[in-house]
Every structure is written in structure tokens, then in C-alpha cells.
Amino acid sequence: MASISTILPKTTSFLSQPLTKSHKSDSITKSISFPSNSRNRTLRALKVRAGLIEPDGGKLIDLVVPEPRRREKKHEATDLPKVRLTAIDLQWMHVLSEGWASPLRGFMRESEFLQTLHFNLLNLDDGSVVNMSVPIVLAIDDEQKALIGESKRVALVDSDDIPIAILNDIEIYKHPKEERIARTWGTTAPGLPYVEEAIANAGNWLIGGDLEVLEPVKYNDGLDRFRLSPFELRKELEKRGADAVFAFQLRNPVHNGHALLMTDTRRRLLEMGYKNPILLLHPLGGFTKADDVPLSWRMKQHEKVLEDGVLDPETTVVSIFPSPMLYAGPTEVQWHAKARINAGANFYIVGRDPAGMGHPVEKRDLYDADHGKRVLSMAPGLERLNILPFRVAAYDKTQGKMAFFDPSRAQDFLFISGTKMRALAKNKENPPDGFMCPGGWKVLVDYYDSLTLTGNTRLPEKIPV
């Protein structure tokens, strides 16, 4: 693996030239109010610092070995018992290494695992708590456990048995799969995508410890330049003079309804008194289920959205969030929000049924569509993050464009579901004018056309971007 650059190349359309105005001396606070999702409160007043929010625990964790010590650490790793990582394990190692899960310093030991599983938080030494809603753990089987023996250190290796990290001061404990699944997803029904991929056939033991990653993680898929770490994102946001950062996560193509929501959020922040709010458009880059549009195609589509001016490149940063997707609804959306705090975001846009999916067995949603945003408004450890509820957008037939839904004239609106959008793209049919920018729609049509040509249900990730 080679070192990732600390900033995206200026040639990419995803990152424009940084703004010249500096806000390094901005230390004022603003008092703002907006609707809360709690039934007990109608308004919530918050003190918001004009600038980047501090990471959880007060310090951004970096678990990558410094360059001068890498040769030494690689030599050490060759003599240690080995644990081979799956693709999803590698994604979680990436997440840990860059500090997305700060202040976590490695794969969870049992005390951290139990706090996460039962309380959705981690207790810190100073008595404070940070949100941590999904277990970040590493499974091993009986044979691997026996090979480790009494060793207190192991080398983590890739599919070619090349050491890529060292796990120190290890702890091995039982992997309670059924309890983990039930508490994370709220069901043990068969067919949960992440469970089938990463848990069902995993080992009966979990191994935790302090992580030392031997080199920055790279995937060599043409997209590494878009994978900014929290440190790199903070650096870019500071260069742009951001006095507020609002994050929007998605795992689907961007249509004009999404864009309306993002541009309207910026307008609202300007009305609050912020001078330069910056959008962090942050598509999920790890494991996704088979019928989701692959990352490489989504990134092509996002590029067209900026090229066509649907979003302003001067006030938008597009970067890849390396986490796998669990589809664990209100439990997982807390993780998505917490990780963006570590990247510098102090506002988070939450939509309908965030991180949700259809029930794997029954014909219904797995989670209540409103629970995600309500949970975020009450979640322990997320008090510093301002939650902005998703406003429903639909196609306004009277205006010929996406607009916020007005229930007083419901007959004027057309709701185009993800299923309907995919069906149109597969059939090479155009949606109504104003639903998605033409360049972005063409990317989507090309993706489904390529599936038909190859006879596959999903293409490999590697395509030119």
C-alpha cells in the first residue's frame, strides 16, 4: 500500500479552489433554535461555535505508523501470529486507522463491545461519554485462536498474507452472534445483508486490542483520491473558511430532490447568521447490498451533478466515507452521525428511514421511518451535533421540478421511488424533466445498460472515473 495524498488534486471537479477568506480567529458562538424531534420539546436552543466542531474525546485518533518507524514495525509483524482480514474487516480497519471512530484505538475489547451493544456509547476516563452504536470487532475461529496461543500481539494480514497492521495487548473473548445481531438489528430474521456477509459464517471468538496500521489504506480502484481522512477533511474545510459544516450521507445517486434539500439547508444556515456554511456530501464507500448502485458509478453520477451546477462546487466537498453499510436503521444512523463529528461537521441532515431497508422476510419496512431522526435528537453523546430533519421533496407537476411537498395540493405532486427510478433507468426511459440532471441520469442508465450487456446483477467496482 502506498501513502494517500493529504488533499484531493485540484484537477478534480469535486474540490474547487479553496476560498480565500480565513476564519481561524472565529471564536464567537451563535444561539440558534430549530424544531426538535422530541415530543417533550418543541424548540431546542443550542450554542454553536462558529468553526469546526472538536472530535469526540477532544483529539482525533490516528493509528497509522509514522513513516520513520514503518520498516521496523513491518519487520516485527513477520514474527507474530497472523490473522487474515476479510474485505469488510479491512474496511473497519480503515475506519479505525483514520479516527472516524475516535476515541476508539482499535478493534473493541469485551468491555467496549458490551458498552456499545447495550448502551450505544463508550465511557471515557474523565467520566464523559461518546456515542458508539455499532460494534467494531474482529472475529477469529477456533484454529486461529489456538495458533495465537499466549501471544499478546498479532499481525493482521491481507488476502496475500502480507502484514498490514499489528494488534497489541490483545484480548480474546466469545462472539455472541445471536445477541449481537438481535441488539444491532432488532431482529434475527434470515436475509440481513451485512449479517449474511460478515457475521453468519464468522468465527466464534472476537479479538480486540490497540491497532498500529503499517501504511495508509489504499484500494487502488481509481477512487483513492476521494477518500479523505477526517484530518484531511478538516484541513480542506479550514482552507475554505467554513464556519459551519453540514453533512449529508447517501448510498444512492443524487437527484434534484436531494439537491434541493442540501441547497435549502445552506440557505437556512445563512439565515441563522453563518457566513460560509460548507456542504460535506459524503457517500458511503464500504460494503453495500447487491442491488445498490456500486460506489464507482455513484461517484461518476455525483461528478455530473457538480459539473451540471446542480450543487455549487465552491461550497461543496465530496468525499468517500469508508465505512461498511449495516442497514441497521436507528442504531446505525447514530454511527453515521458520530463519525461526521470527527470529520468536523456540526450539522447533520437526516432523512426518512435512515440506514433502513425492507424486512428481509415480510413485506414491510424493517424500521419505523421516523424513528431514525427521533433517536438522533435524543442519542447520548450526540448533543453537540445539530440534527436537521429531512424535508420531503417530490416532483411538482405544476412547476416541472422537484419541490418541497405541500399537502394542501397533494394532487400536484408525483413521488418517484427508488424502485421506480431504477425501473426507468433499466428501461432507458427518461424521468420527468427536472427530476435529475441529464448527465447524472445518463450515468445511471449506462450502469443498468452495462448490467444487461454482461448478464450480471452487479458490476465490479473498478471502472474509469
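**Exercise 1. Classify R391 in this predicted model: is R391 buried or exposed, or does R391 fall in between?**

Step 1. Take the relative accessibility of R391, which is 36%.
Step 2. Apply the cut-offs: buried means under 20%, exposed means over 50%, and partly exposed lies in between.
Step 3. R391 therefore counts as partly exposed.

**Exercise 2. Find the salt-bridge partner of R391, and state which parts of the chain the pair ties together.**

Step 1. The side chain of R391 meets that of D264 in a salt bridge, at 3.2 Å from N to O.
Step 2. R391 sits in the loop between β14 (386-389) and β15, while D264 belongs to helix α8. The pair therefore ties together parts that are 127 residues apart in sequence.
Step 3. Check the burial of D264. Its relative accessibility is 8%, so D264 counts as buried.

**Exercise 3. Work out where D449 and K428 lie, and how accessible each one is.**

Step 1. The side chains of D449 and K428 form a salt bridge, with N to O at 3.2 Å.
Step 2. D449 is in helix α13 (residues 438-454), and K428 is in the loop between α12 and α13. They are 21 residues apart, and the pair links distant parts of the chain.
Step 3. D449 has 25% relative accessibility and so counts as partly exposed. K428, at 54%, counts as exposed.

**Exercise 4. Describe the salt bridge between K442 and D446.**

Step 1. The N to O distance is 2.9 Å.
Step 2. Both residues lie in helix α13. Their spacing is four residues, about one turn of the helix.
Step 3. D446 has 29% relative accessibility, so D446 is partly exposed.

**Exercise 5. How many salt bridges does the structure hold, and which residues are linked in a network?**

Step 1. The count for the structure is 30.
Step 2. A network of salt bridges links K73, E76, R153 and E212.

**Exercise 6. Characterise the largest pocket by volume, lining and composition.**

Step 1. Volume: about 1,400 Å³ of space.
Step 2. Lining: 41 residues, with R251, N252, H258, R352 and D353 nearest the centre.
Step 3. Composition: 21 of the lining residues are nonpolar, twelve are polar and eight are charged.
Step 4. Elements: at least two lining residues come from each of β10 (244-250), α8 (256-272), α10 (329-342), β13 (347-350), β15 (393-396) and α12 (418-426).
Step 5. Largest share: α12 supplies four residues.

Technical notes
Residues numbered from 1 in each chain as written. Predicted model: local features only at pLDDT ≥ 70, side-chain atom pairs only at ≥ 80, totals over all residues. Heavy atoms only, no water. 1 Å grid on protein atoms, 1.4 Å probe; cavity = no way out; pocket = protein on both sides within 12 Å on 5 of 7 lines; lining within 4 Å. Points joined across faces, edges and corners; volume = space filled by probe spheres on them. Nonpolar A, V, L, I, M, F, W, Y, C, P; charged D, E, K, R; others polar. Salt bridge = Lys/Arg side-chain N within 4 Å of Asp/Glu carboxyl O. Buried < 20%, exposed > 50% of the residue type's maximum accessible area, 1.4 Å probe, protein only.
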